[in-house]
Amino acid sequence: MGLLLGLGIGGIALLAFSLVFDGVLEGVFDGALGPLFDGWLSLPVIAGFVSMLGFTGAIVLGTTGLGPEAAAATGTVAGTATGWLTYRLSRALAQGESATAPRHAELVGSTGTVVTAIPAAGYGEVLLRLAGQPVKYAALADGPMPLGAEVWVTAAPSSTSVSVRAVEH
C-alpha cells in the first residue's frame with residue numbers, strides 16, 4: 001500500500017515539476033527518440049500515468065480483497081487511460097489556433113479613440129481595440145484632433161504608428 005501511495009504522490013510531484021520545467025524531458029529525448037514517441041514521454045503524460053497507477057492501485061488494494069497483483073494491474077489500466085487522455089488533450093491544445101499579431105493591413109478600417117491629442121504637424125496617440133484587446137499606437141492625422149475624438153485608421157505606415165481621420169457621424 002505504501003509503495004502505491006508513494007507512486008501516486010510521486011506522480012503529483014512530477015506534475016508540479018512539469019509545470020515549472022515544461023518541455024525539459026521532451027528536449028532530452030528529442031534527438032534520440034524523435035517522432036517515435038511524439039509526446040508520449042512528456043512529463044504531464046508520465047505524471048498522469050504514475051499518479052493514477054499509484055492511487056488507483058492503493059484504492060483497489062485497500063477496498064477490495066484482491067491482492068497486490070490485481071491492484072497493480074488495475075492501476076496500470078487506469079494509468080494508461082489517464083496518460084492517453086493527457087496526451088490527447090495536450091495535442092489538442094497544441095494544435096489549437098493561436099492569436100497572431102495584427103498585420104499593418106489589418107489595422108486599416110479599424111476605429112479608435114484619441115488618447116493623446118494629435119497636433120497639426122506631429123504625432124499623438126490613439127487607442128484601438130484589436131481582438132478585444134486595447135492597443136495604443138502613435139497616430140498622425142491631416143489636421144489637429146482633440147483628446148477623446150473618435151477616429152478611423154486610414155493607413156499603417158509602421159508597426160507602431162497609424163494614420164487616422166475623424167469619424168463623421
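**The whole chain**

Begin with everything shown as a cartoon, keeping in mind that this is a predicted model. The protein chain holds five helices and five strands, and if you follow the chain from the N terminus, the elements come in the order α-α-α-α-α-β-β-β-β-β. If you colour the chain by burial, buried residues account for 27% of its 169 residues. Among contacts between residues at least 6 apart in sequence, 49% join residues at least 24 apart.

**Helices H1 and H3**

Next, select residues 2-20, which form helix H1, together with residues 43-63, which form helix H3. Two packed helices are described by the angle between their axes and the distance between the axes. For H1 and H3 the angle is about 155 degrees and the axes are 7 Å apart. An angle over 145 degrees counts as roughly antiparallel, and H1 and H3 are therefore roughly antiparallel to each other. H1 passes H3 in a left-handed crossing.

Now show the side chains where these two helices meet. On the H1 side the contact includes Leu4, Leu5, Ile9, Ile12, Leu15 and Phe17, while on the H3 side the residues that take part include Leu43, Ile46, Val50, Leu53, Phe55 and Leu61. Glycines also belong to this contact, among them Gly8 and Gly11 of H1 and Gly54 and Gly57 of H3. Sorted by class, the contact of H1 with H3 has 17 nonpolar, six polar and no charged residues.

**Helices H3 and H4**

H3 passes H4 in a right-handed crossing. In this contact, twelve residues are nonpolar, eleven are polar and none is charged.

**Helix H4 by itself**

Finally, hide the rest and look along H4, which has 27 residues. From its first C-alpha to its last, H4 reaches 38 Å, close to the 39 Å expected at 1.5 Å a residue.

Which residues of H4 are buried? Select Ala71, Gly75, Ala78, Gly79, Gly83 and Tyr87 to see them.

Note on methods:
Residues are numbered from 1 along each chain as its sequence is written. This is a predicted model: local features need pLDDT of at least 70, side-chain atom pairs count only at pLDDT 80 or more; totals for chains, interfaces and linings use all residues. Side-chain values use heavy atoms; hydrogens and water are left out. Axes are lines fitted to C-alpha atoms, for helices over the stretch in contact, and angles run from 0 to 180 degrees between N-to-C directions. Helices (H or I, at least four residues) and strands (E, at least two) are DSSP runs, numbered from the N terminus. A crossing is left-handed if the near helix is turned anticlockwise from the far one by less than a right angle, and right-handed if clockwise. Ala, Val, Leu, Ile, Met, Phe, Trp, Tyr, Cys and Pro count as nonpolar, Asp, Glu, Lys and Arg as charged, and the others, Gly among them, as polar. Angles under 35 degrees count as roughly parallel, over 145 as roughly antiparallel, 65 to 115 as roughly perpendicular and the rest as oblique. Contact means heavy atoms within 4.5 Å. The expected span of a helix is 1.5 Å times one less than its number of residues. Buried means under 20% relative accessible area, exposed over 50%, partly exposed in between (1.4 Å probe, protein chains only).
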